[in-house]
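Open the model in your viewer and keep the sequence panel beside it. The stops below are meant to be selected one after another.

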Amino acid sequence: MDQKNFFRLIFLIVTAGFIISFTTTNFPHAPTRLLNCTDSSSSSLCASRNFLFNKQQPRPNNPKPKTKNHDHVSDTPNHPLDPLTVVEINKVRSILSSHALFTSGTPHALHTVVLEEPDKNLVRHWEKGNPLPPRKASVIARVGPDTHVLTVDISTGRVDSENSPVSVSGYPMMTIEEMNAMTVAPFANADFNRTIISRGINLTDVICFPISCGWFGNKEENARVIKSQCFLTQGTPNFYMRPIEGLTILIDLDTKQVIEISDTGRAIPIPGSTNTDYRFEKLVTTDKTRLLNPISIEQPRGPSFVIEDNHIVKWANWEFHLKPDPRAGVVISRVRVHDPDTQETRDVMYKGFVSELFVPYMDPSDAWYFKTYMDAGEYGFGLQAMPLVPLNDCPRNAAYMDGVFAAADGTPFVRENMVCIFESYAGDIGWRHSESPITGIPIREVRPKVTLVVRMAASVGNYDYIIDYEFQTDGLIKAKVGLSGILMVKGTPYQNKNQVEKDKDGNEEELHGTLLSENVIGVIHDHYVTFYLDLDVDGPDNSFVKVNLKRQETEPGESPRKSYLKAVRNIAKTEKDGQIKLSLYDPSEFHVINSGKTTRVGNPTGYKVVPRTTAASLLDHDDPPQKRGAFTNNQIWVTPYNKSEQWAGGLFTYQSHGDDTLAVWSDRDRDIENKDIVVWYTLGFHHIPCQEDFPIMPTVSSSFDLKPVNFFERNPILRAAPNFEHDLPVCGVQSVSA
């Protein structure tokens, strides 16, 4: 690159950074606009990380979802839990523009603008047709160096300040504008540019990515900072596989100035681009190489679910409120199920969502030790949600829901097709029994299992998360997490395992991961997804019961058997009784019961948490990342309901010290018997990368269930109908030549 073009590039970069900074810090004067953030948007708010260099990647001809039957400008709230509308967000913006905090000329930004939910008791007793409670917004704002928590009454214009400025450790989650600005900031620094050029790399072939840096004291103290690492984009859109290893930039998030540059990897080559592209149009695929024929589910009578008033989902015997959220992704509330015997619609869960995601990497080196992400509290799980791709993310029969969020200047924007809802049938069986011929009773009774799935997908940098809430007609709710996307990798001089150095004892050098391809190591890491589950089984006053399976020895002469298992029930009295570490050698069930309501034979009604495959953190509890992620010290926690305790890593997670987490709250050891309680469940994954994860990972999934236990008088799908031939369409099959 010649000198003239070099300085022209720097000018463009600095100008773009100034524009982003201006719109972030001067929102009262920014024009009102509604941004539609689709995957093809050109807005700086919605653009991809490499928008500055205008790299146009070929886009597949993705099918579009059905046109929605309303526009968001005309949306009105119909339920106390409905998210803020475009009109309401604009009203909040207008109110704050004249508030004293924002008229002093001090730089400021809105990090969160969401509904301030009414009191739980009020929502529980609200019925359709009743007036809505006063609509309020909860706002987290940064004004200069201070964080403020505000409540804005949308009707009256009153602004109340709560504990402002905030005194606890940590900062609010980043705004999208800040994340975009951090991709620009390194290029405005002459030392950084010289470092890149000295490696023989064109600046236009480099993309830098913002990485939250956790908290380890020192440089993270008393300053809101972020680290940035860079990749080579030349020859591939999969730049994650081409890290410029050892180059780390420390940046002040508020001033956008580079504080420090660490360059320890000059001897490590940048991995090549060969075989890193994963796009369909770049891979040779023909009918002869295609593994599967297309498959689709047809519903000749139409779907069995409806979405009323934009957010109330009704399907089979279920109904619930559904809304997108910038931090949690998706929130499911007021979950109720219809009892076929009593004809009552009964409470199951008041509110459920992903509270936090903790992702620590297992490399203690200077360029990696800080990679211990909190994806919800730092980046915003919902803000990172991408538009779902019809026919591939969601089947043909899916309906879609948009998210309406606020930008840093208070302007509303739309995240299109953020959530999909669809019925699923995978050939599974709801229940069955065939009688043996020896009985002479010709019975063959089978019922198909059809479920309703609520899905979102978030692309938090390189990783993609798929979150499913699956409802079954038998009363079970399955929460499922899928992991896909692209590994975070490190560069290495090694191209083959036989090059890895060994010590005098024959032990290989610690790579902290797996050699996936030439010069590429996939680093070992964990994923922990913590769910907030405010179960209200037949009402809010519940108890948590640990049902242990214990071996019981028989008495001499009592039985030919020497031992058997028995169930021992222990009701948790206080929070410490509800701190559970799962163990194969301590088999237990975990029930949430309503002792005030029983079945006709006297069992308390309840639901149970059913763990599936999961993982536990092995980090030292005094390790700084684990202090912040202490909510993963147990797989299950039970706390009394407290409206202010919803985020497992604390309200202010970014650079927090771990002084306001679920673990801190639970150690207060409050009473939880016959109380309004919240169950927290952490789903964990240990990930030792393998070559099959290169260049993009096949999805790996795990889940847990919320299952009725003595909630119904009998099998609630006893009356379910089987499929009959005349109910289903007959589709022609196109022959395929060999």
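**The whole chain**

This is a predicted model. Colour the chain by secondary structure: it comes to eight helices and 33 strands. The chain has 738 residues, and 52% of them are buried. Among contacts with a separation of 6 or more, 70% are between residues 24 or more positions apart.

**Tyrosine 463**

Select Tyr463, which is in strand β21. The UniProt record, an unreviewed entry, carries the annotation "modified residue: 2',4',5'-topaquinone" at Tyr463. Is Tyr463 buried or exposed? Its relative accessible area is 2%, so tyrosine 463 counts as buried.

Now show the residues in contact with Tyr463, leaving out its neighbours within four places in sequence. Three histidines are among them, His525, His527 and His687. Draw a distance between the side chains of Tyr463 and His527: a polar contact of 3.2 Å joins them.

**The largest cavity**

The largest has a volume of about 150 Å³. To find it, select Tyr373, Asp375, Val460, Gly461 and Asn462, which lie nearest its centre among the 16 lining residues.

Which elements each supply at least two residues of this lining? They are β6 (206-211), α6 (375-379) and β21 (463-472). By class, the lining has ten nonpolar, four polar and two charged residues.

**Phenylalanine 381**

Move on to Phe381, in the loop between α6 and β16. Its relative accessibility is 0%, so phenylalanine 381 counts as buried. Beyond its neighbours within four places in sequence, Phe381 is in contact with residues including Asp375 and Val460, both of which are also named among the residues nearest the centre of the largest cavity. The contacts of Phe381 also include Pro326, Arg327, Ala328 and Gly329, as well as Tyr465 and Ile467.

For a C-alpha to C-alpha distance here, pick Phe381 and Asp325. These residues are 56 apart in sequence and 8.3 Å apart in space.

**The second largest cavity and α4**

Select Leu110, His111, Leu383, Ala406 and Ala407. Of the 17 residues that line the second largest cavity, these lie nearest its centre. The cavity holds about 130 Å³ of space. Its lining takes at least two residues from each of β2 (108-115), α4 (176-184) and β16 (399-406). β2 gives the largest share, four residues. The classes in this lining are 13 nonpolar, three polar and one charged.

How many of the nine residues of α4 are buried? Nine of the nine are, so α4 is largely enclosed by the rest of the structure. The buried residues of α4 include Glu177 and Glu178 as well as Ile176 and Met179.

**Two further residues**

Ala190 is found in helix α5 (residues 190-198). Its relative accessible area is 43%, which means that alanine 190 is partly exposed. From Ala190, pick Val258: the two are 68 residues apart in sequence and 10.0 Å apart in space, C-alpha to C-alpha.

Then go to Asn633, in the loop between α7 (624-628) and β31 (636-640). Asparagine 633 is buried, with a relative accessible area of 16%. Leaving aside its neighbours within four places in sequence, Asn633 is in contact with Lys581, His621 and Gln626.

**Backbone details**

Most residues other than glycine have a negative phi, and most peptide bonds are trans. The last stops depart from this pattern.

Select Asp309 and Asn310. Asp309 has a positive phi of about 55°, and Asn310 has a positive phi of about 75°. Aspartate 309 is partly exposed at 31% relative accessibility, and asparagine 310 is partly exposed at 26%.

Finish at Phe694 and Pro695. A cis peptide bond joins these two residues, with omega at about 0°. Pro695 lies in the loop between β32 (675-687) and β33 (697-708).

How values were computed: Residues numbered from 1 in each chain as written. Predicted model: local features only at pLDDT ≥ 70, side-chain atom pairs only at ≥ 80, totals over all residues. Heavy atoms only, no water. 1 Å grid on protein atoms, 1.4 Å probe; cavity = no way out; pocket = protein on both sides within 12 Å on 5 of 7 lines; lining within 4 Å. Points joined across faces, edges and corners; volume = space filled by probe spheres on them. Nonpolar A, V, L, I, M, F, W, Y, C, P; charged D, E, K, R; others polar. UniProt positions renumbered as here; feature names shortened; annotations may be inferred. Buried < 20%, exposed > 50% of the residue type's maximum accessible area, 1.4 Å probe, protein only. Contact = heavy atoms within 4.5 Å. Polar contact = N/O pair within 3.5 Å; in protein donor to acceptor, adjacent residues only side chain to side chain.
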